Amino acid sequence: MTSPLVDELRALRQHVGDLDLPLDVGGADDARRAQHELAEQIDDYLLPKLDRLDAPLLAVLGGSTGAGKSTLTNSLIGENLSTPGVLRPTTRMPVLVCHPEDEAWFLGEGVLPDLPRTTGENPGHGAGLHVVTSQNLRPGLAFLDSPDIDSVEVANHDLAAQLLGAADLWLFVTTAARYADAVPWEYLGRAQERSVALSVIINRIPAGSESEIGSHLSDMLAEKGLKDARLFTIAEGELADGRLVNGLNPLTSWLDALVQDAGARAQMVRKSLDGALDSLPDRVEALAGAVEVQSSSGDALRSFAEQQYAEGLERVDRELDSGTLLRGEVLDRWTEHVGTGEVMEKLQRGVGRIKHAIVSAFKGSTDQPNQEAKGALESNLSILVRDAADNAALEVVEGWETMPGGVEALEGASANLNRATTDIRKRIESEIESWQAEVLQLVNEQAGSRLAIARTLSLGINGVGVALMVAVFSQTGGITGGEVAVAGGTAAVSQTVLTAVFGDNAVSALAREARTRLLTRVQSVLDSERARFGAQLGKIPSAEAAGELRSAAQAVEAARS
Ligand SMILES: Nc1nc2c(ncn2[C@@H]2O[C@H](COP(=O)(O)OP(=O)(O)OP(=O)(O)O)[C@@H](O)[C@H]2O)c(=O)[nH]1
Ligand SMILES: [Mg+2]
């Protein structure tokens with residue numbers, strides 16, 4: 001049976017692992033590293049440790065390349081088990097040395113489960129953990145010689161961070177030449193954050209400078225909140241068979257005492273474990289903050305895209321108002337079949353004549369002009385919507401490229417994202433077709449008994465429907481010159497037809513309704529165009545993910561008490 005703490009830690013681990021921070025915004029690199037280290041530490045250290053508190057204590061030797069970690073490991077054990085070297089860096093595969101009795105624990109999948117184990121004389125190549133045993137050690141304390149934290153080999157640094165995250169005790173090795181460098185302090189900052197049991201070893205100190213350098217480093221440690229760290233100074237000395245002969249003593253005595261005192265070891269394990277658990281809320285909070293930065297950048301990208309498409313819709317809306325859609329084919333068609341000037345004249349002669357004018361206008365052409373007028377509206381409108389979609393897509397791509405996180409959001413997008421989708425024309429035309437059917441339906445519903453009038457006018461529903469569609473497009477603003485009269489005339493005819501059928505008051509409401517329905521359909525086309533951009537944002541965490549992380553960390557805290 002697992003404990004509630006283990007269960008909650010596993011749940012937190014899941015949340016941390018599932019998190020995607022795809023945008024390079026607000027220190028995302030650091031956040032990703034912290035995320036990775038947090039997930040690793042839960043897997044490599046917290047879960048196995050909670051499962052077995054009495055597991056052998058693992059002391060990890062970490063630090064600068066060439067500081068003498070491998071040399072010290074061999075010197076502490078009294079046997080050459082890890083290869084030191086003059087080439088930097090030397091150690092690539094970590095070497096863990098333990099007493100044979102503890103070997104099963106370290107070979108098992110408890111601690112550092114994702115590192116494949118090798119055994120025998122020589123470490124293998126590639127990622128893994130080389131496990132060797134030595135009779136010189138006592139059960140209960142194992143040493144791990146880690147790769148460096150600061151050579152050109154970046155993979156070493158990540159591995160070192162992972163190994164230090166799994167340590168019950170850090171033996172942080174530096175030298176007189178390196179102890180004030182920035183990188184070691186970055187790692188020591190992690191030790192401080194996690195309150196891990198820490199000893200700092202300054203190796204290779206020029207003889208006579210031990211106390212001077214020791215006290216300087218000790219001040220630095222205190223300043224960084226690490227005053228509890230034990231400090232050991234080792235003077236540069238002769239090596240015999242590659243191992244240090246002198247100067248090791250305070251360190252070896254301290255380690256011997258630890259080996260002999262199971263209580264002190266248990267206390268050390270507990271301290272590091274509690275330190276790591278105590279560090280979780282702040283580390284999760286930093287991660288939750290990074291999630292919020294990602295999600296608000298995602299929101300900004302999303303609303304930018306929404307804005308561009310909304311502007312596209314407005315453009316279509318404006319074009320409807322401007323009457324430009326009545327230009328070209330539509331006006332020609334109407335002029336050809338209705339002859340606006342003449343109709344206008346007749347209209348002025350009185351109501352009795354209106355009927356005649358309209359009847360002859362529509363009759364003369366049977367259903368043909370209506371069909372053609374419908375077709376012309378369709379193609380003009382379709383081009384307009386496609387232009388708006390093309391334009392919006394380009395605006396979004398160009399805008400995103402300059403916005404925080406936009407370039408990452410565009411990653412993996414199709415090269416056509418900056419244009420309307422290829423099948424948009426088909427989609428628009430089918431929407432327009434449905435709209436036309438809807439308009440006829442509307443005419444049918446609204447006209448009711450008045451359809452009799454329409455019939456008398458020999459127009460039929462289709463004729464009235466086309467008139468209504470024309471009314472939707474028939475504002476004259478924006479039309480210039482000779483077109484005014486033509487468009488005005490066309491509008492007047494359709495207006496007359498509609499008024500005759502529906503009565504004055506109903507016409508404008510009906511035209512408004514038909515227009516709204518058309519725009520709704522245009523909007524749905526533009527919405528699905530915009531959805532391609534929404535999909536690009538799908539991998540960005542939502543603000544809720546930050547809340548879930550926080551609650552998972554709170555649940556861990558609650559399970560500890
Ligand atoms: N004379 C002397 N040489 C030392 C001492 N410590 C280390 N060396 C030498 O310094 C070189 C580097 O030592 P390593 O033990 O390989 O250093 P490391 O920290 O393991 O380095 P990486 O594996 O690259 O991270 C080797 O040639 C060692 O023999 C020392 O105290 N005295
Ligand atoms: Mg080494």
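Residues are numbered from 1 along each chain as its sequence is written, while chains are lettered from A and ligands numbered from 1 in the order in which they are written. Because the model is predicted, local features need pLDDT of at least 70 and side-chain atom pairs count only at pLDDT 80 or more, whereas totals for chains, interfaces and linings use all residues.

**Sheet**

Helices (H or I, at least four residues) and strands (E, at least two) are DSSP runs, numbered from the N terminus. Eight strands form an open sheet in the order β3-β4-β2-β5-β1-β6-β7-β8, and their pairing is mixed. Two strands pair if DSSP finds at least two bridges between them. At the edges are β3 (117-118) and β8 (230-235), each of which pairs on one side only. Strands of a sheet pair through backbone hydrogen bonds, either parallel or antiparallel. β6 (residues 169-175) and β7 are paired in the parallel sense, over seven bridges. T175 has N203 in β7 as its bridge partner.

Helix α3 lies across β1 (57-63), β2 (95-98), β5 (141-145), β6 and β7, and runs at about 155° to β5. Axes are lines fitted to C-alpha atoms, for helices over the stretch in contact, and angles run from 0 to 180 degrees between N-to-C directions.

**Shell around ligand 1**

Ligand 1 is surrounded by 22 residues, of which G68, S70, T71, P84 and T91 are the closest. A residue is near a molecule or strand if its C-beta atom, placed from the backbone, lies within 6 Å of it. α3 (69-77) and β7 (197-205) each supply at least two residues of this shell. The most come from α3, which gives three. By class, the shell has seven nonpolar, ten polar and five charged residues. Here Ala, Val, Leu, Ile, Met, Phe, Trp, Tyr, Cys and Pro count as nonpolar, Asp, Glu, Lys and Arg as charged, and the others, Gly among them, as polar.

**Helix pairs**

| Helix pair | Angle | Axis distance |
|---|---|---|
| α15 (424-447) and α19 (504-536) | about 155° | 10 Å |
| α2 (28-51) and α9 (262-322) | about 150° | 10 Å |
| α1 (4-18) and α20 (543-560) | about 165° | 8 Å |

Angles under 35 degrees count as roughly parallel, over 145 as roughly antiparallel, 65 to 115 as roughly perpendicular and the rest as oblique. α1 is therefore roughly antiparallel to α20, as are α15 and α19 to each other and α2 and α9 to each other. A crossing is left-handed if the near helix is turned anticlockwise from the far one by less than a right angle, and right-handed if clockwise.

α15 passes α19 in a right-handed crossing. Residues in this contact include I428, W435 and L442 of α15 and L510, L518 and V525 of α19. Two residues are in contact if their C-beta atoms, placed from the backbone, lie within 7 Å. The contact of α15 with α19 has ten nonpolar, three polar and seven charged residues.

α2 and α9 cross in the left-handed sense. Among the residues that make their contact are L38, Y45 and L46 of α2 and L273, A286 and L287 of α9. This contact of α2 with α9 divides into eleven nonpolar, two polar and two charged residues.

The crossing of α1 and α20 is also left-handed. In α1, residues including L5, L9 and L12 meet residues of α20, among them L549, A552 and V556. The contact of α1 with α20 has eleven nonpolar residues, one polar and three charged.

**Backbone details**

Most residues other than glycine have a negative phi, and most peptide bonds are trans. R88 and P89 are joined by a cis peptide bond with omega of about -10°; P89 is placed in the loop between α3 and β2. S195 has a positive phi, near 45°, and is not a glycine. The loop that holds S195 runs between α6 (182-194) and β7.
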